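Please look through the questions and answers that follow, keeping the sequence and the structure in view as you read.

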Amino acid sequence: MGRVRVIGLGNMLAGDDAVGLIAARQLRDLLPADVEVQAREVPDWDDLQGLSGDDVVIFIDAVDSGAMPGTIFEFNLGDVIGAGLRHCSSHGLGLEHWASVAEALGEHVSHLMILGMEIASAELGDGVSEPVTAALPELLQRVEQAVAKARDEGLNGKGSHA
Amino acid sequence: MTTRNIEVDLMARVEGEGALEVVVDKGEVKDVRLKIFEAPRFFEAFLKGRHYSEVPDIVARICGICPVAYQMSSVHAIESAFGMEVSETVRKLRRLLYCGEWIESHSLHVYMLHAPDFLGLDSGLELARSEPEILRRGLRLKKVGDRILTVLGGRAVHPVSVCIGGFTRLPQTNELRSLLDELHWAREAAKETLAWVAGFEMPDLSPGYTFAALSGNVYPMNEGAITVSRDGTAHDMSCASDGFEGHFKERQAPYSTAMQCLLDEKPYLVGPMARLNLNAASLRPVVREALAEAGVELPLVNPYHAIIARSAEVLQAVDEAIELIEDYEGLGTGPGEPYRPVTPKESVGTAVTEAPRGMLYHRYALDADGRVVEANIVPPTSQNQARMEADLWQMIPSILSLSDEALAAACERVIRCYDPCISCATHFLRLKRVAA
């Protein structure tokens with residue numbers, strides 16, 4: 001069975017943009033001990049290199065698409081590469097960029113998934129909005145389901161998680 | 001048609017969001033505006049009322065690429081306000097932390113953002129496709145810097161161990177030594193990088209810079225006097241950090257959310273080229289040798305040569321990191337005291353340190369409990385912004401025969417030489433309403 005890595009992205013000082021970080025911190029107590037959970041501000045090359053073909057990486061991030069705040073989205077590698085996404089983070093190279101480079105260099109990134117939540121505001125300040133707070137339990141549940149599916153498919157040798 | 005408006009709505013391969021507008025009328029450049037329209041960050045206002053101990057972690061979030069620089073300028077400014085000096089162990093480990101940031105930030109820019117310009121490629125992604133082994137070298141170099149930040153700071157982005165007076169925890173000798181094998185590889189890779197970029201064909205452009213950087217007994221990171229040179233070698237002016245605001249004045253450009261900083265009302269250059277030129281005497285021997293072998297002579301005065309300066313500083317930082325780690329045991333303190341106790345007092349403190357992109361100035365006024373009364377932060381991209389525009393004013397007349405698309409691309413190339421960090425540069429003046 002491959003490894004499962006969950007990475008929450010965001011900025012604790014940018015309002016709802018903290019949702020990925022908050023989710024990751026709560027997931028540390030909810031997910032099996034062998035699932036690696038990280039909370040960080042920006043995606044990085046390290047997240048996507050050196051993976052085996054069975055490894056699964058799940059990113060949790062804020063989404064700004066104009067949908068109702070609290071709406072949860074699910075993307076896979078195909079959705080991300082070539083989508084013309086603007087940097088999701090306030091700084092640094094975005095996930096689309098790193099995923100494209102990783103694919104071009106032949107890294108095993110096919111089992112990449114992003115669970116995103118539509119946010120109301122990413123203005124500077126502590127605390128997240130009511131819609132994001134209300135939708136957080138569902139987001140955690142979706143991540144738990146995705147992890148369980150990845151582990152189950154890994155155990156059964158199906159090897160397709162996207 | 002006699003009027004051309006060249007607009008680049010969203011500049012590629014720069015950090016943050018910015019746009020460029022150039023107006024050419026009857027063959028003459030009428031206007032050049034570098035617009036920064038990323039949302040203003042209001043960090044300085046956000047810092048008001050915060051306890052001094054929170055400041056390093058808050059300012060680190062201004063930038064995901066250079067959090068160490070923000071932490072370093074803030075701790076030095078606050079320690080200066082409280083009249084503190086840190087231990088020699090802490091001083092050296094802070095240099096090591098800065099080495100890590102320079103290595104990761106410069107490597108990212110050289111390989112992913114800047115080298116494609118000299119290779120006829122559109123992006124780092126194209127470099128991944130055409131020269132995968134070269135890009136892998138760059139990404140591995142970046143990772144060496146990240147590893148230093150992780151060992152010293154707890155993690156690669158926004159290290160969490162920096163505090164006023166030192167570190168919350170000092171690394172064990174074996175933790176640092178675990179970095180050495182990869183650093184020895186990095187030293188050779190950094191030499192190869194320098195030779196690689198020095199071989200790029202570069203356009204001629206000599207804008208006649210005024211250079212500003214810290215300079216002192218060691219290559220500047222956390223120490224040295226603010227130094228200005230008009231030819232890249234002679235030191236025409238120098239002052240301590242508390243003299244910064246007396247010489248360097250910020251102004252609001254009406255078309256940009258970022259402040260522009262001028263020296264005596266004129267643009268000036270900060271960053272790797274300024275540092276390298278003003279600190280040639282404190283370059284490590286391996287860097288001097290590598291520059292000589294590559295046929296590079298100082299001072300560097302062409303903005304396109306910034307990629308050479310950045311690559312030289314990667315080698316400088318890798319070589320110094322090796323020495324700092326090898327000497328760590330010799331400091332005789334074991335892990336020692338991680339930080340010195342702090343006694344807050346009502347005071348004002350300033351500091352300038354050298355972020356990867358250039359001088360980063362912080363000033364804090366603190367009350368008797370150590371809470372921030374006022375903060376002022378002048379990042380390097382604010383300082384270089386007017387200089388970028390001045391370069392374009394100078395270059396554009398010589399390339400007016402190009403198509404709009406090619407002219408816009410040429411302008412973007414000049415701006416990328418500066419590795420502008422637009423997110424860092426955005427902050428507004430406080431608005432004061434006066435009733436009639």
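## Helices, hairpins and a sheet

Q: Is helix H3(B) enclosed by the rest of the structure or left open, judging by how many of its residues are buried?
A: This is a predicted model, and in it 15 of the 15 residues of H3(B) are buried. Because of that count, H3(B) is largely enclosed by the rest of the structure.

Q: What span should the residues of helix H3 of chain B cover, and what distance separates its end C-alpha atoms?
A: Helix H3 takes in residues 67–81 of chain B, which makes 15 residues.

Q: Which residue just after H3(B) takes a positive phi?
A: Just after H3(B), the chain reaches a residue with a phi of about 70 degrees, a positive value. That residue is Gly83(B).

Q: Do helices H8 and H12 of chain B run roughly parallel or roughly antiparallel?
A: Helix H8 (residues 180–198) of chain B packs with helix H12 (residues 306–328) of chain B at an angle of about 160 degrees, their axes being 9 Å apart. Since angles over 145 degrees count as roughly antiparallel, that makes the relation of H8(B) to H12(B) roughly antiparallel.

Q: What is the handedness of the crossing where H8(B) passes H12(B), and which residues in H12(B) meet H8(B)?
A: The crossing of H8(B) with H12(B) is left-handed. From H8(B), the residues that take part include Leu183(B), Ala190(B) and Leu194(B). On the side of H12(B), the residues they meet include Ile308(B), Leu315(B) and Ile322(B).

Q: Which residue in E10(B) is the bridge partner of Lys249(B)?
A: Strand E9 (residues 248–252) and strand E10 (residues 259–263), both of chain B, run antiparallel and are joined by five bridges. A hairpin of six residues leads from E9(B) to E10(B). In E10(B), the bridge partner of Lys249(B) is Leu262(B).

Key:
Residues are numbered from 1 along each chain as its sequence is written. Chains are lettered from A and ligands numbered from 1 in the order in which they are written. This is a predicted model: local features need pLDDT of at least 70, side-chain atom pairs count only at pLDDT 80 or more; totals for chains, interfaces and linings use all residues. Two strands pair if DSSP finds at least two bridges between them. Helices (H or I, at least four residues) and strands (E, at least two) are DSSP runs, numbered from the N terminus. The expected span of a helix is 1.5 Å times one less than its number of residues. A residue is buried if 20 or more other C-beta atoms lie within 10 Å of its own, exposed if 12 or fewer, and partly exposed in between; C-beta atoms are placed from the backbone. Axes are lines fitted to C-alpha atoms, for helices over the stretch in contact, and angles run from 0 to 180 degrees between N-to-C directions. Angles under 35 degrees count as roughly parallel, over 145 as roughly antiparallel, 65 to 115 as roughly perpendicular and the rest as oblique. A crossing is left-handed if the near helix is turned anticlockwise from the far one by less than a right angle, and right-handed if clockwise. Two residues are in contact if their C-beta atoms, placed from the backbone, lie within 7 Å.
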